[in-house]
Each structure stands twice: as C-alpha cells, then as structure tokens.
Amino acid sequence: WGAFGKAKELQQRILFALALLIVYRIGTYIPVPGIDAAQLKIFFEQANQGIGGMLNMFTGGAVGRMAIFALGIMPYITASIIIQLLASMVPYLEQLKKEGEQGRKKINQYTRYGTVVLAFFQSYGIAAGIESQGLASEPGLFFRASCVITLVGGTMFLMWLGEQITARGIGNGISLIIFVGIIAELPSALAQFFASGRSGALSPVIIVSVLVMIVLVIAFVVFVERALRKVHIQYPKRQVGMKMFGGESSNLPIKLNPSGVIPAIFASSLLLLPTTISTFAKDDESGFIGLISAYLGPGQLLYYVFFGGMIVFFAYFYTLNVSFKTDDVADNLKKQGGFVPGIRPGERTAQYLEYVVIRVLVLGSAYLASVCLLPEGLRSQFAIPFYFGGTSLLIVVSVTMDTITQVQSHLLAHQYEGLIEKSRLGGKSRRKGRQRK
C-alpha cells in the first residue's frame, strides 16, 4: 500500500478506468425509445431462462431494461472470435498476423466492421421480436429504425470505451466491461436468493451449501488457471569472437486451459438459442422449435450432454487452431535456435507439442465442462431464482486475476524507476564530493 500511494500514474489509470466504467453503468439505465416498460418487465420474467438470462447477466441488467447498451460488448467479442478463427484458415489474414503492428491494426479494423454487421442483425432481430410480442408503444418502421440505430450506436460506443480503458486505464477494457456487468447484478441476485430462503422456498442447508460450493469452485478455478505444463527448451552455445554465449535452458509454459472461457461462451450461446427462438416465436410450441427447446432446455439430460460435449469440442478446436498453434510455436523455436531435448526441430517438435497439448486438454476441457455444468445443475435442481452460470464465474475470476497481475506489474515498474532515480542521485552526489575534494 505504501508503494501504491507513491505510484501516481497507476492511481490516475485506475481512476480513469473507474470513471469510464461509471459511464457504462449509467448507460445501462437509459432505455431505448418506444418501449413499454411494464410489458417488458412481465415478458422478461418469463424469458429469463433462455439466452436472455445470460445476456442480462453479462450486460449488467441492460437487456432486462432494454437500455441503449442492451447488446453490450458481445457483438465485438463474437466478431473477434470469428476473425481469429478465420485468421487460422484464410491465408490473407494469416499473413496480416505476421506483419506486426500494421497487420494488427488491419485485423482490428476488420473486427470493427464485423462488429457493426453483427450488431445490426442482432438489433434488428431484437426490434422485430419486441414488435411481435407487443412491447413497442408505436410499432412500425420508425420504431425499428430508431431501435437499430440506438443499439448499434451503444455497442460501438462500448467498444470505443473498452479500447480507451485498455490504452489509458488499467486491465483489459472489454473484459472489465463484462466483469462490471456481472458484478453489478450480483447484489440483487444474492438478495433474491436470500429472500427465497426467508420465504421458505429454499432451505437453509441448500443456501449454505451453495455458498460453500461457490467458494470452493472459485478456489478451484484460481488453482487450475495458474496450472502450467512446462516443456523444457534448450538453446545451443554460440561463439562470438573469443567469447562463448548461450547454452541456456528455459521452459515453454502450456496452460492447462489455453482457450480460456471462449468454449463455454460458444457452447452456452448455441444451446440457449432454441429456447430463445421459441420465446420470441408467435406460434405455440407444438412445432419443431418447441420440440427441440423442450428436449434441449436447461435441466434436461440432453442439454447437459450436448453442453459438455460442445465445451470439450470447442476447447480442442480453439486451442489447436487459434490460441496455441503448434506449427507456429515450433517454427518460432527453430528460428530462435531453441529445441526440445531429444526432439528434432521443425516438424518433429510440432508433433511433440501437439502430443503434449492434446493430453493436457484432457484435463483442461474436463475442468471447463465441470465448472460450467455444476452451477447449471444446481440452478435447475434447487430452483435458484437467478442466472448462476459457470461462464460468468470463469470470467469474473479470470479478469480479477489478470487485473491484479497488471497492477502488480505497474507497482514493480514504479519501484524500479525509484531505484534507478536513487542511483542517479547517489552518483551525482558522489561526483560533486569528488569535485569539492
């Protein structure tokens, strides 16, 4: 805390990030024009089991209030994931990734364009769904146009806000926006949870068990997110003139969960889609969509089977194609002169790294599936009255750990700057003393 009190730049960065996050929270209470608030509240109480519950959690309640930030930052995240997947398959985008800063700027530009397109289609779908459910005060073309413009503009403003937090604040801005949205809904959700206990809907044993389980799952997530599989890397000796350099050894860290929370987001979004479509559909649920939503709805056996299977699939697919491409890692090691002892550089090293990653992901994907399925099972079995998912828990813990790491890095850099400044002042005083002598 003493070092934090002296780090003025870090304090300014934290205050700047907090100010922009407050702006975001204010925006979640500004409604889209032309919405019937009373009918919206009744409708959303019924639709809270679909993707609406998850989005409402991620957007800090903006979906339930149909605010200007109702889409949140999810279109940007979806566009980023799509661009990353395309960059591993399209040669042009793969070449852009290798061009350094200029290529990164170009990819970011494509991501923004993709965000606009996705936000437009999602906002138009929301506007059409609002009209079909009779939630609009004056339905028509003007309402749809104003709804689309407002929601797309809100998403683009949030994207800019996240970039400003990343550049001039602390932590990753996009992640912090999702983090604040989840945290903002926790007090009301916990109050609703405890109110259910007071009314007798939930027994005290269940309440205590759920709270203990949350603490244990958080500790488990922190432990696994820190877990690494270290691959030993050796660098050869090289002679420069009469001196011998190199010969060092290091480790290539492979995280137990290299793909992060992305497989859980993909899987939950795809599985909750039938429930959401059936909610917004005008017809009764006797058709094909109603049948699918009945068998794949939360709490059904097929829901858990498909949810766990898709998490495992996306964990392998995203890791091997985006987050840890073994061919690129082996190629970089070969260029730097590094090699795995007993393994030939190049293709053999890539095969060995793929062998290691596939076996590490057996634990990593099982960890992701268990963390995501356990809260879903508890929520459906004990009728917990708010959305409690492993995806939101993973995001909160991961963002907290990353932000604390960045704060510690800034404090460490500030301490180094202080030591360097002291050494300079000490050198000046010693030189002045010599001059006087």
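1. Helices here are DSSP runs of at least four residues, numbered from the N terminus, and these labels are used in the points below for a model that is predicted.

2. When the whole structure is searched, two cavities of 30 Å³ or more are found, and the second largest cavity, discussed in the next point, has a volume of about 30 Å³.

3. Which residues line the second largest cavity? The lining is made up of Leu-85, Ile-262, Pro-263, Phe-266, Phe-314, Phe-317 and Tyr-318, and at least two residues of this lining come from each of helix H12 (262–280) and helix H14 (301–323). Sorted by class, the lining has seven nonpolar residues, with no polar and no charged residues among them.

4. Turning to the surface, a nonpolar patch is formed by Ile-82, Leu-86, Met-89, Val-90 and Tyr-92, which together have about 440 Å² of accessible area. One of these residues, Val-90, is found in the loop between helix H6 (74–87) and helix H7 (91–97). Val-90 counts as partly exposed because its relative accessible area is 31%, a value that falls between the limits of 20% for buried and 50% for exposed.

Conventions
Residues numbered from 1 in each chain as written. Predicted model: local features only at pLDDT ≥ 70, side-chain atom pairs only at ≥ 80, totals over all residues. Heavy atoms only, no water. 1 Å grid on protein atoms, 1.4 Å probe; cavity = no way out; pocket = protein on both sides within 12 Å on 5 of 7 lines; lining within 4 Å. Points joined across faces, edges and corners; volume = space filled by probe spheres on them. Nonpolar A, V, L, I, M, F, W, Y, C, P; charged D, E, K, R; others polar. Patch = residues over 30% accessible without salt bridge, like charges linked within 9 Å, V, L, I, M, F, W, Y side chains within 5 Å. Areas by Shrake-Rupley, 256 points an atom, 1.4 Å probe, with all protein chains shown as cover. Salt bridge = Lys/Arg side-chain N within 4 Å of Asp/Glu carboxyl O. Buried < 20%, exposed > 50% of the residue type's maximum accessible area, 1.4 Å probe, protein only.
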